[in-house]
Amino acid sequence: MDTSSLLQRILNSVDVHAYQAPVSSVPEAQRPAIEQIRAALTEARDPARARQLAQKYFDEGALDLVQYYSAMHVIAASPLVSDWEEAARLAGAQELAAIRRGGPNLQQALASVDRHRGVVAFLNDAPDVALEHFTSAMERERSPENLGNILCTLLRLGELDEAEQIVATVRDTLPPSFVDALLNRIELDPDLAALRH
Amino acid sequence: MSFFSQLLALLVSFMNPTQAVDFCDSSVSEAHANDCEVQLAQPKRLRRTSNGTDDDPTGPNPSISNGF
């Protein structure tokens, strides 16, 4: 039995399952295109096809430059690719495109950049750096996804008490819709299992 | 002020009702919005372990979310 091959299959399965790429922060007009790219990456597990789709939708105008770079980053940072230099470069390109585009969605676009940089740091064993990026993302976009990433990072840093305190604060003070979305992620995310109670 | 204190201060700043109104509107997808309507079952607390199983928050398999 090829045990190394078997182990790799197990790791691939675990990693693909663990890597989440929701489309909730994407402007609604571009969401259908991003959804197709997400499906190619996380369901079909075909990063080459995901790249083709990103290029196609960008060429057709279904994606603007900011979302194109964001999509290419998510593909590069996927466990199926793990091209960290490219992922980091694309986050910078996305930031510049967002700044140049400006407009009312600027903070949301920059939150996406912060999130991408945090993911690169987190998956390169630098949770302390990731925490700064995820906190910046949370400041710009108050979403359960961004708070969930902060909790993941605190747990990775061994800060269980602090993470529990944050969850308790959120449960007591934030709108039920936000709390329920966060609790849903805690329930589904193995990394957040320690916060279930 | 420690980083954690700053983080808590950030969360406390979210308690302002005028800011809290747009949580689901601006930052949560339609799918999440639907989730918001679901009454979740009371989750169970799992213990930390040191053998790398899923209920170990320091385990090897990050479930980080890299939303577009």
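Mentor: Rings of Phe, Tyr and Trp (its six-membered ring) pair if their centres lie within 6.5 Å; planes under 30 degrees apart count as stacked, over 60 as edge-to-face and the rest as tilted. This is a predicted model, in which local features need pLDDT of at least 70 and side-chain atom pairs pLDDT 80 or more, while totals for chains, interfaces and linings use all residues. Residues are numbered from 1 along each chain as its sequence is written, chains are lettered from A in the order in which they are written, and side-chain values use heavy atoms, without hydrogens and water.

Over all chains there are two aromatic pairs. A:F58 and A:Y68 are stacked, because their ring centres are 4.7 Å apart and their planes stand at 25°. A:F58 belongs to helix α3 (residues 47–60) and A:Y68 to helix α4 (residues 65–77), so this pair ties together parts ten residues apart in sequence. Helices here are DSSP runs of H or I with at least four residues, strands runs of E with at least two, numbered from the N terminus. A:F58 is partly exposed at 28% relative accessibility, whereas A:Y68 is buried at 11%; buried means under 20% relative accessible area, exposed over 50% and partly exposed in between, with a 1.4 Å probe and protein chains only. A:Y68 also pairs with A:Y69, a tilted arrangement with 5.7 Å between centres and 50° between planes.

As for the setting, chain A has ten helices and zero strands, and 55% of its 197 residues count as buried.
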